[in-house]
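Please find below a note on the structure shown here. The points are numbered so that each can be checked against the model in turn.

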Amino acid sequence: MTAPGPVRAVLAIAAALIVAGCAVRGPVLAPAATGAGGRVELESTPFFPQERYQCGPAALATVLSAAGVDVTADSLVPEVYIPGRAGSLQAELVAATRRHDRLPYILPPTLDALLATLDGGLPVLVLQKQGAGPFPGWHYAVVVGYDASRDHFVLRSGTEQRKELSARHFLATWDRAERWALVAVQPGALPPAPDFARYMEAAAGLEAVGLLDAAALAYEAAARGWPAESLPQFALANLAYARGDLAAAERGFHAAVRLNPQDAAARNNRAEALRALGCPTLARREIEVARMLAAGGPLSATVEATARAIASHEIGDVAGCPPD
Amino acid sequence: MRSRCLVYVLCLAMLNLGSPLVAQAELVSTLQAVEASTRAQDLAAVNAALARDEVRAQFEALGVEPAQIESRIAALTDAELRTLAGQMADMPAGADALAVIGIVFLVLLILEAVGVIDIFKKFP
């Protein structure tokens, strides 16, 4: 059996590509790994062997169980599996993490962030792309460890409880999935080596779907972890306003303004809280600054609406308004 | 009498609809503040309610259990709904690499059997 010319040419090109792909040698993990002696394995991470096409529920059950949630792969199927796609979507894994009262933190797409998270003791749910061309093999697995000296990762993957994958192979499949990685964090805790913007987006997501207690714990953790940032104070003040605690809301917005005087959103919201408290004099001063800061930006319509509401407030200051 | 009753009911309904909208109109939400710094601003203009309907329709078309659809939608943020709307059929759906390997193996086997390639030396 010999192949005809064109087929042989295609095979030769494929072989050349495979060889070229393997040509670059040298360890991947050794230069990056610093913590824990270059070797970590979260052995107590549970394992849920996947049913056919159901690596989404299995991988999610793994990270949620590790975060103390009582779930199984089977119990998550109705929450994240899409029969018409024979798989699960990233956004739904994020949403299901929320539904179980855990903060869905998306890691920065770097090897350092992945290793730091494992060093910190959290298993990481990753998306991998293994197939090619018309057969993209999207796959979810959970990274539970790495060994720099042997240059490999350890995963809970599919039906394998302990799958060792060379760091090069893992990175190739992770790269092709844009290095998507998710951890389930207990509200009130910060993930290892957290990125502020990513963390706050995850916390705000909890609030947006109505998980106000979890969101409050997450914002309080952020306020402790990043004491110089105004956004956590702002977020906590928004929750206070929603509860109807106007005095606490005003204090929180004021704290945010003091931390970042350029924060138009915080000034707008403080002005609104002052108006609602019956302190229009200070509210007017605050909204004028907010108007200058927000001019031409995405918040300008909201700020103008606040300004109109304050302008139509005809009663003078009540007793006990803040001095500034 | 009935029409007066109806008027009362409608007034009540309008009050219920009206109050949260008024309270929200002048306050910048936390997610809005986060997104104002991280996302393209024109995204916010896309109606979240439309995205919600679109995602609901796609869930139905893709065979999600009707009883589950509302609770699955409720856990998604507006930004996630906007991302999903219209793209659910094309987005990466993590499944199972075994299927892919199986298909590749099958193709190789057929090519081998019809004599196009010769890589399985023991294959009859």
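1. Asp151(A) counts as partly exposed because it has 16 C-beta neighbours inside 10 Å. On this scale a residue is buried if 20 or more other C-beta atoms lie within 10 Å of its own, exposed if 12 or fewer, and partly exposed in between, with C-beta atoms placed from the backbone. Asp151(A) belongs to the loop between β5 and β6 of chain A. Its phi is near 55°, a positive value in a residue other than glycine. Most residues other than glycine have a negative phi.

2. A word on the source is in order: this is a predicted model, in which local features need pLDDT of at least 70 and side-chain atom pairs count only at pLDDT 80 or more, while totals for chains, interfaces and linings use all residues. Residues are numbered from 1 along each chain as its sequence is written, and chains are lettered from A and ligands numbered from 1 in the order in which they are written.

3. Asp101(A) also deserves attention, as a residue that is not a glycine but has a positive phi of about 65°. Asp101(A) is found in the loop between α5 (90-99) and β3 (103-106) of chain A. With 18 other C-beta atoms within 10 Å, Asp101(A) is partly exposed.

4. Chain A contains 14 helices and eight strands. Here helices (H or I, at least four residues) and strands (E, at least two) are DSSP runs, numbered from the N terminus. Of the 324 residues in chain A, 48% count as buried. Two residues are in contact if their C-beta atoms, placed from the backbone, lie within 7 Å. Among contacts in chain A between residues at least 6 apart in sequence, 58% join residues at least 24 apart.

5. Which strands pair with β6(A)? Two strands are said to pair if DSSP finds at least two bridges between them. His152(A) in β6(A) is the bridge partner of Asp147(A), and Ser166(A) in β7(A) is the bridge partner of His152(A). Phe153(A) stands opposite Leu165(A) in β7(A).

6. The hairpins on either side can be read in the same way. The hairpin of β5(A) and β6(A) has four residues between the strands, and Asp151(A) is the one with the positive phi there. In the hairpin of β6(A) and β7(A), two residues lie between the strands, and Gly158(A) takes a positive phi near 60°.

7. Is strand β6 (residues 152-157) of chain A mostly covered or mostly open? It is mostly covered, with six of its six residues buried. In a regular strand the side chains alternate between the two faces of the sheet. Both faces of β6(A) are covered: His152(A), Val154(A) and Arg156(A) are buried on one side, and Phe153(A), Leu155(A) and Ser157(A) on the other.

8. Helix α12 (residues 264-277) of chain A packs against helix α14 (residues 300-311) of chain A at an angle of about 20°, with the axes 10 Å apart. The two helices are therefore roughly parallel. Axes are lines fitted to C-alpha atoms, for helices over the stretch in contact, and angles run from 0 to 180 degrees between N-to-C directions; angles under 35 degrees count as roughly parallel, over 145 as roughly antiparallel, 65 to 115 as roughly perpendicular and the rest as oblique. Among the residues of α12(A) that meet α14(A) are Ala264(A) and Asn268(A), while Thr302(A) and Val303(A) are among those on the α14(A) side.

9. Chain B has six helices and one strand, in the order α-α-α-α-α-β-α along the sequence. Of its 124 residues, 26% count as buried.

10. The contact between the chains takes 59 residues from chain A and 41 residues from chain B. Elements giving two or more residues to the chain B side include α2 (30-38), β1 (93-94) and α6 (97-113) of chain B. The most come from α2(B), with six residues. Two bridges join strand β2 (residues 88-89) of chain A to β1(B), and these strands run antiparallel. Leu89(A) stands opposite Ala93(B) in β1(B).
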